[in-house]
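Visitor: I'd like to learn how to read salt bridges in a protein model. Could you walk me through them?

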Amino acid sequence: MNLLSKRAAVLLILSLLLAYGLLLFAIRFFNHASAWAHHPANKHLYAEGNLVCSGTIYDRFGHILAQVDEGAIKYSEDKAVRTAVMHAVGDLEGNVATGALAAFSSRLSGWDIINGAYRFQPKQRELWLTLDADLCATAYRELRGSKGTVGVYNYKTGEILCMVSTPSFDPLNPPDLDADPEKYEGVYINRLLSASYTPGSVFKLVTTAAALENLSGIEERLYHCEGKLLIGEGVVTCLARHGEITLEQALAHSCNVAFAHIALELGAETLQKYADLSGFNAGLDVDGIKTAAGRVNVLAAEGADLAWAGIGQYTNTANPLNFMAFMGAIANNGVR
(Lines give C-alpha, C1' and ligand atoms only; values in the text may rest on other atoms or scores of the structure.)
Protein backbone atom coordinates (compact mmCIF):
# COMPACT_ATOMS: atom_id res chain seq x y z
CA MET A 1 0.00 0.00 0.00
CA ASN A 2 2.86 2.35 0.86
CA LEU A 3 4.49 1.67 -2.54
CA LEU A 4 1.23 2.42 -4.35
CA SER A 5 0.85 5.69 -2.46
CA LYS A 6 4.36 6.77 -3.46
CA ARG A 7 3.74 5.89 -7.10
CA ALA A 8 0.44 7.77 -7.05
CA ALA A 9 2.16 10.82 -5.55
CA VAL A 10 4.86 10.72 -8.24
CA LEU A 11 2.25 10.42 -10.99
CA LEU A 12 0.30 13.31 -9.51
CA ILE A 13 3.42 15.49 -9.42
CA LEU A 14 4.29 14.56 -13.01
CA SER A 15 0.72 15.30 -14.12
CA LEU A 16 0.81 18.69 -12.43
CA LEU A 17 4.15 19.47 -14.06
CA LEU A 18 2.76 18.43 -17.45
CA ALA A 19 -0.34 20.61 -16.96
CA TYR A 20 1.84 23.53 -15.88
CA GLY A 21 4.11 23.05 -18.88
CA LEU A 22 1.17 22.93 -21.28
CA LEU A 23 -0.33 26.05 -19.73
CA LEU A 24 3.01 27.86 -19.95
CA PHE A 25 3.43 26.79 -23.56
CA ALA A 26 -0.11 27.91 -24.45
CA ILE A 27 0.50 31.35 -22.93
CA ARG A 28 3.83 31.72 -24.74
CA PHE A 29 2.26 30.43 -27.97
CA PHE A 30 -0.52 33.03 -27.97
CA ASN A 31 1.95 35.79 -27.05
CA HIS A 32 4.86 34.85 -29.31
CA ALA A 33 3.57 32.57 -32.07
CA SER A 34 3.78 35.30 -34.69
CA ALA A 35 7.41 36.04 -33.83
CA TRP A 36 8.27 32.32 -33.91
CA ALA A 37 6.57 31.83 -37.28
CA HIS A 38 8.26 34.89 -38.77
CA HIS A 39 11.79 34.01 -37.78
CA PRO A 40 13.95 34.16 -40.94
CA ALA A 41 14.90 30.50 -40.37
CA ASN A 42 11.33 29.46 -41.22
CA LYS A 43 11.70 28.16 -44.79
CA HIS A 44 7.92 28.15 -45.29
CA LEU A 45 7.80 31.94 -45.09
CA TYR A 46 11.36 33.06 -45.86
CA ALA A 47 13.94 32.52 -48.57
CA GLU A 48 17.41 33.97 -48.05
CA GLY A 49 16.05 36.14 -45.26
CA ASN A 50 13.22 37.66 -47.32
CA LEU A 51 9.49 37.04 -46.97
CA VAL A 52 8.14 34.65 -49.60
CA CYS A 53 4.80 36.31 -50.17
CA SER A 54 3.14 38.89 -52.34
CA GLY A 55 2.12 42.25 -50.92
CA THR A 56 2.30 46.00 -51.38
CA ILE A 57 2.91 48.77 -48.85
CA TYR A 58 1.23 52.09 -49.64
CA ASP A 59 1.30 55.56 -48.13
CA ARG A 60 -1.98 57.26 -47.18
CA PHE A 61 -2.55 58.49 -50.75
CA GLY A 62 -1.90 55.17 -52.45
CA HIS A 63 1.70 55.82 -53.49
CA ILE A 64 3.65 52.55 -53.54
CA LEU A 65 6.39 52.49 -50.92
CA ALA A 66 7.40 48.85 -51.33
CA GLN A 67 6.27 45.69 -53.11
CA VAL A 68 7.14 42.18 -52.00
CA ASP A 69 6.85 39.44 -54.61
CA GLU A 70 8.05 35.94 -53.65
CA GLY A 71 10.96 37.33 -51.65
CA ALA A 72 11.95 40.10 -54.08
CA ILE A 73 11.42 43.63 -52.77
CA LYS A 74 10.79 46.65 -54.98
CA TYR A 75 10.71 50.16 -53.58
CA SER A 76 9.24 53.48 -54.69
CA GLU A 77 10.60 54.76 -58.00
CA ASP A 78 11.39 58.10 -56.31
CA LYS A 79 14.83 57.97 -54.69
CA ALA A 80 13.99 60.85 -52.33
CA VAL A 81 10.93 58.99 -51.06
CA ARG A 82 12.82 55.68 -50.76
CA THR A 83 15.47 57.34 -48.64
CA ALA A 84 13.09 59.38 -46.52
CA VAL A 85 10.85 56.44 -45.55
CA MET A 86 13.57 53.80 -45.32
CA HIS A 87 13.22 53.55 -41.53
CA ALA A 88 9.43 53.40 -41.71
CA VAL A 89 9.36 50.77 -44.47
CA GLY A 90 12.55 48.81 -43.76
CA ASP A 91 15.72 47.88 -45.64
CA LEU A 92 16.52 44.88 -47.84
CA GLU A 93 18.44 43.02 -45.14
CA GLY A 94 15.87 43.54 -42.38
CA ASN A 95 18.26 45.51 -40.17
CA VAL A 96 15.60 48.11 -39.32
CA ALA A 97 13.57 46.06 -36.86
CA THR A 98 10.82 48.67 -36.54
CA GLY A 99 10.28 48.98 -40.31
CA ALA A 100 6.93 47.84 -41.73
CA LEU A 101 8.53 44.94 -43.62
CA ALA A 102 9.69 43.45 -40.31
CA ALA A 103 7.17 44.78 -37.79
CA PHE A 104 4.11 43.93 -39.90
CA SER A 105 5.46 40.78 -41.54
CA SER A 106 2.44 38.74 -40.40
CA ARG A 107 0.10 41.09 -42.28
CA LEU A 108 2.18 40.73 -45.43
CA SER A 109 2.46 36.95 -45.12
CA GLY A 110 -1.22 36.53 -44.28
CA TRP A 111 -0.34 34.55 -41.15
CA ASP A 112 -2.88 34.23 -38.35
CA ILE A 113 -2.93 32.21 -35.17
CA ILE A 114 -5.69 29.84 -36.35
CA ASN A 115 -4.63 29.00 -39.93
CA GLY A 116 -0.94 29.86 -39.85
CA ALA A 117 0.16 30.99 -43.30
CA TYR A 118 -1.64 28.24 -45.20
CA ARG A 119 -3.96 29.38 -47.99
CA PHE A 120 -5.65 27.44 -50.81
CA GLN A 121 -4.69 30.20 -53.24
CA PRO A 122 -1.94 32.83 -53.11
CA LYS A 123 -3.27 36.27 -52.26
CA GLN A 124 -1.95 39.76 -53.00
CA ARG A 125 -1.98 41.61 -49.69
CA GLU A 126 -2.07 45.34 -49.07
CA LEU A 127 -0.67 47.30 -46.14
CA TRP A 128 -1.67 50.95 -45.93
CA LEU A 129 0.42 53.29 -43.79
CA THR A 130 -0.82 56.65 -42.54
CA LEU A 131 2.39 58.31 -43.78
CA ASP A 132 2.46 61.03 -46.45
CA ALA A 133 5.44 60.06 -48.63
CA ASP A 134 5.87 63.57 -50.09
CA LEU A 135 5.78 65.14 -46.62
CA CYS A 136 8.45 62.66 -45.46
CA ALA A 137 10.64 63.53 -48.47
CA THR A 138 10.29 67.25 -47.70
CA ALA A 139 11.23 66.71 -44.04
CA TYR A 140 14.24 64.64 -45.06
CA ARG A 141 15.49 67.41 -47.37
CA GLU A 142 15.03 70.04 -44.67
CA LEU A 143 17.23 68.08 -42.24
CA ARG A 144 20.08 68.78 -44.69
CA GLY A 145 22.23 65.89 -43.54
CA SER A 146 21.91 66.55 -39.80
CA LYS A 147 21.39 63.58 -37.52
CA GLY A 148 17.92 63.61 -35.99
CA THR A 149 14.28 62.93 -36.61
CA VAL A 150 11.08 64.61 -37.75
CA GLY A 151 7.63 63.47 -36.70
CA VAL A 152 4.23 64.90 -37.60
CA TYR A 153 0.91 63.45 -36.48
CA ASN A 154 -2.78 64.23 -36.31
CA TYR A 155 -3.40 64.66 -32.59
CA LYS A 156 -7.14 64.11 -33.09
CA THR A 157 -6.76 60.64 -34.62
CA GLY A 158 -3.23 59.55 -33.66
CA GLU A 159 -2.28 59.01 -37.34
CA ILE A 160 1.44 59.53 -37.94
CA LEU A 161 1.85 61.54 -41.15
CA CYS A 162 5.62 61.95 -41.18
CA MET A 163 8.30 59.67 -39.75
CA VAL A 164 11.82 60.50 -40.85
CA SER A 165 15.10 59.51 -39.22
CA THR A 166 18.62 60.47 -40.24
CA PRO A 167 21.15 59.35 -41.21
CA SER A 168 19.37 57.28 -43.85
CA PHE A 169 20.22 55.78 -47.23
CA ASP A 170 18.63 54.60 -50.45
CA PRO A 171 17.63 50.98 -49.69
CA LEU A 172 18.32 50.05 -53.32
CA ASN A 173 21.90 51.28 -52.94
CA PRO A 174 23.10 50.52 -49.39
CA PRO A 175 26.35 52.31 -48.47
CA ASP A 176 29.54 50.79 -47.15
CA LEU A 177 29.02 51.59 -43.46
CA ASP A 178 32.55 50.60 -42.51
CA ALA A 179 33.97 53.18 -44.91
CA ASP A 180 32.34 56.06 -43.01
CA PRO A 181 31.14 54.84 -39.58
CA GLU A 182 30.72 58.34 -38.16
CA LYS A 183 28.43 59.48 -40.99
CA TYR A 184 26.22 56.39 -40.65
CA GLU A 185 26.28 56.08 -36.86
CA GLY A 186 22.94 54.63 -35.73
CA VAL A 187 21.70 54.37 -39.31
CA TYR A 188 19.47 51.36 -38.58
CA ILE A 189 17.74 53.09 -35.63
CA ASN A 190 14.45 54.85 -36.22
CA ARG A 191 15.15 57.82 -33.97
CA LEU A 192 11.50 58.85 -33.72
CA LEU A 193 10.62 55.47 -32.18
CA SER A 194 13.79 54.06 -30.68
CA ALA A 195 15.97 56.95 -29.49
CA SER A 196 15.83 59.38 -26.59
CA TYR A 197 17.10 62.93 -26.35
CA THR A 198 17.36 65.76 -23.84
CA PRO A 199 13.85 67.26 -23.92
CA GLY A 200 14.96 70.85 -23.38
CA SER A 201 12.28 73.53 -23.14
CA VAL A 202 9.43 71.13 -24.03
CA PHE A 203 9.79 69.97 -20.43
CA LYS A 204 8.86 73.45 -19.20
CA LEU A 205 5.26 72.46 -19.89
CA VAL A 206 5.61 69.71 -17.26
CA THR A 207 7.04 72.24 -14.82
CA THR A 208 4.20 74.63 -15.68
CA ALA A 209 1.56 71.97 -14.99
CA ALA A 210 3.16 71.24 -11.61
CA ALA A 211 3.32 74.96 -10.78
CA LEU A 212 -0.32 75.62 -11.70
CA GLU A 213 -1.52 72.84 -9.42
CA ASN A 214 0.89 73.31 -6.50
CA LEU A 215 1.99 76.95 -6.17
CA SER A 216 -0.65 79.32 -4.88
CA GLY A 217 -1.06 82.54 -6.90
CA ILE A 218 1.51 81.41 -9.47
CA GLU A 219 -0.29 83.13 -12.35
CA GLU A 220 -0.01 86.55 -10.71
CA ARG A 221 3.61 86.28 -9.56
CA LEU A 222 6.45 88.19 -11.18
CA TYR A 223 9.93 86.79 -11.73
CA HIS A 224 12.97 88.95 -12.46
CA CYS A 225 15.35 87.85 -15.21
CA GLU A 226 18.73 89.49 -15.76
CA GLY A 227 19.88 86.81 -18.16
CA LYS A 228 21.35 84.52 -15.51
CA LEU A 229 20.73 83.23 -12.01
CA LEU A 230 23.41 82.22 -9.52
CA ILE A 231 22.46 79.23 -7.37
CA GLY A 232 25.21 78.37 -4.92
CA GLU A 233 28.24 77.57 -7.05
CA GLY A 234 26.09 76.90 -10.09
CA VAL A 235 24.54 79.24 -12.62
CA VAL A 236 21.46 79.10 -14.84
CA THR A 237 21.75 81.16 -18.00
CA CYS A 238 19.03 82.58 -20.23
CA LEU A 239 19.14 83.64 -23.87
CA ALA A 240 17.88 87.15 -23.05
CA ARG A 241 17.20 89.55 -20.20
CA HIS A 242 13.46 89.42 -19.77
CA GLY A 243 13.14 91.74 -16.78
CA GLU A 244 9.88 91.38 -14.83
CA ILE A 245 7.98 88.41 -16.25
CA THR A 246 4.89 86.36 -15.37
CA LEU A 247 4.53 82.60 -15.72
CA GLU A 248 2.57 82.99 -18.97
CA GLN A 249 5.24 85.32 -20.38
CA ALA A 250 8.03 83.06 -19.13
CA LEU A 251 6.50 80.12 -21.00
CA ALA A 252 5.95 82.20 -24.15
CA HIS A 253 9.55 83.49 -24.12
CA SER A 254 11.08 80.28 -22.68
CA CYS A 255 12.72 82.11 -19.79
CA ASN A 256 15.17 79.80 -18.05
CA VAL A 257 15.57 82.04 -15.01
CA ALA A 258 11.84 82.09 -14.19
CA PHE A 259 11.59 78.31 -14.57
CA ALA A 260 14.68 77.83 -12.42
CA HIS A 261 12.92 79.71 -9.60
CA ILE A 262 9.75 77.65 -10.13
CA ALA A 263 11.60 74.30 -10.15
CA LEU A 264 13.39 75.15 -6.91
CA GLU A 265 10.12 76.11 -5.23
CA LEU A 266 8.36 72.95 -6.45
CA GLY A 267 11.11 70.67 -5.19
CA ALA A 268 12.47 67.43 -6.62
CA GLU A 269 9.63 65.12 -5.49
CA THR A 270 6.87 67.21 -7.06
CA LEU A 271 8.82 67.65 -10.29
CA GLN A 272 9.43 63.90 -10.45
CA LYS A 273 5.74 63.18 -9.82
CA TYR A 274 4.63 65.33 -12.76
CA ALA A 275 7.33 63.96 -15.06
CA ASP A 276 5.96 60.48 -14.36
CA LEU A 277 2.35 61.60 -14.82
CA SER A 278 3.22 63.19 -18.16
CA GLY A 279 4.64 59.90 -19.45
CA PHE A 280 8.26 60.98 -19.81
CA ASN A 281 9.46 57.78 -18.13
CA ALA A 282 7.33 55.44 -20.22
CA GLY A 283 7.29 54.12 -23.76
CA LEU A 284 4.31 54.11 -26.12
CA ASP A 285 2.79 51.45 -28.36
CA VAL A 286 2.54 52.23 -32.07
CA ASP A 287 0.63 49.36 -33.70
CA GLY A 288 2.57 46.86 -31.62
CA ILE A 289 5.93 48.65 -31.93
CA LYS A 290 7.24 49.73 -28.55
CA THR A 291 8.96 53.10 -28.40
CA ALA A 292 12.00 53.81 -26.28
CA ALA A 293 11.29 55.09 -22.77
CA GLY A 294 12.86 58.32 -21.61
CA ARG A 295 14.52 58.74 -18.25
CA VAL A 296 13.68 61.56 -15.88
CA ASN A 297 15.07 60.99 -12.38
CA VAL A 298 15.46 64.23 -10.47
CA LEU A 299 14.90 62.95 -6.93
CA ALA A 300 18.56 63.45 -6.03
CA ALA A 301 18.85 66.82 -7.79
CA GLU A 302 19.23 70.01 -5.81
CA GLY A 303 20.43 73.56 -6.32
CA ALA A 304 21.41 74.40 -9.88
CA ASP A 305 20.90 70.77 -10.96
CA LEU A 306 17.26 70.87 -9.86
CA ALA A 307 16.81 74.24 -11.58
CA TRP A 308 18.18 72.85 -14.85
CA ALA A 309 16.00 69.74 -14.47
CA GLY A 310 12.89 71.96 -14.40
CA ILE A 311 14.11 73.54 -17.65
CA GLY A 312 14.46 70.13 -19.33
CA GLN A 313 18.22 69.75 -19.00
CA TYR A 314 20.22 68.00 -16.23
CA THR A 315 20.12 64.22 -17.01
CA ASN A 316 16.56 64.27 -18.40
CA THR A 317 15.88 62.31 -21.60
CA ALA A 318 12.68 61.58 -23.49
CA ASN A 319 11.61 59.79 -26.64
CA PRO A 320 10.76 62.14 -29.58
CA LEU A 321 7.45 60.43 -30.32
CA ASN A 322 6.58 60.82 -26.65
CA PHE A 323 7.33 64.58 -26.98
CA MET A 324 4.93 64.65 -29.90
CA ALA A 325 2.15 62.75 -28.14
CA PHE A 326 2.54 64.91 -25.02
CA MET A 327 2.12 68.11 -27.04
CA GLY A 328 -0.80 66.56 -28.92
CA ALA A 329 -2.54 65.71 -25.66
CA ILE A 330 -2.32 69.35 -24.60
CA ALA A 331 -3.72 70.49 -27.96
CA ASN A 332 -6.50 67.88 -27.63
CA ASN A 333 -7.69 69.08 -24.20
CA GLY A 334 -5.76 66.45 -22.29
CA VAL A 335 -6.73 63.43 -24.38
CA ARG A 336 -3.86 61.46 -25.99
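Predicted model: local features only at pLDDT ≥ 70, side-chain atom pairs only at ≥ 80, totals over all residues.

Visitor: How many salt bridges does the structure hold?

Guide: There are seven salt bridges. One of them joins E159 and R60, whose closest N and O atoms are 3.7 Å apart.

Visitor: Which parts does the pair of E159 and R60 tie together?

Guide: E159 sits in the loop between β7 (148–153) and β8 (160–166), while R60 sits in the loop between β3 (54–58) and β4 (64–69), so the pair ties together parts 99 residues apart in sequence.

Visitor: And is R60 buried, partly exposed or exposed?

Guide: Apply the cut-offs: R60 has 31% relative accessibility, so it counts as partly exposed.

Visitor: What about R144: which residue is its salt-bridge partner?

Guide: R144 pairs with E142, with 3.4 Å between the closest N and O atoms. Here R144 is exposed, with a relative accessible area of 65%, whereas E142 is partly exposed at 48%.

Visitor: Where do the partners E226 and R241 lie?

Guide: Their closest N and O atoms are 3.9 Å apart. The pair links distant parts of the chain, 15 residues apart: E226 is in the loop between β9 (223–225) and β10 (228–231), and R241 is in the loop between β11 (234–237) and β12 (243–245). E226 is partly exposed at 40% relative accessible area, and R241 is exposed at 66%.

Definitions and conventions
Residues numbered from 1 in each chain as written. Heavy atoms only, no water. Salt bridge = Lys/Arg side-chain N within 4 Å of Asp/Glu carboxyl O. Helix = DSSP H or I, 4+ residues; strand = E, 2+ residues; numbered from the N terminus. Buried < 20%, exposed > 50% of the residue type's maximum accessible area, 1.4 Å probe, protein only.
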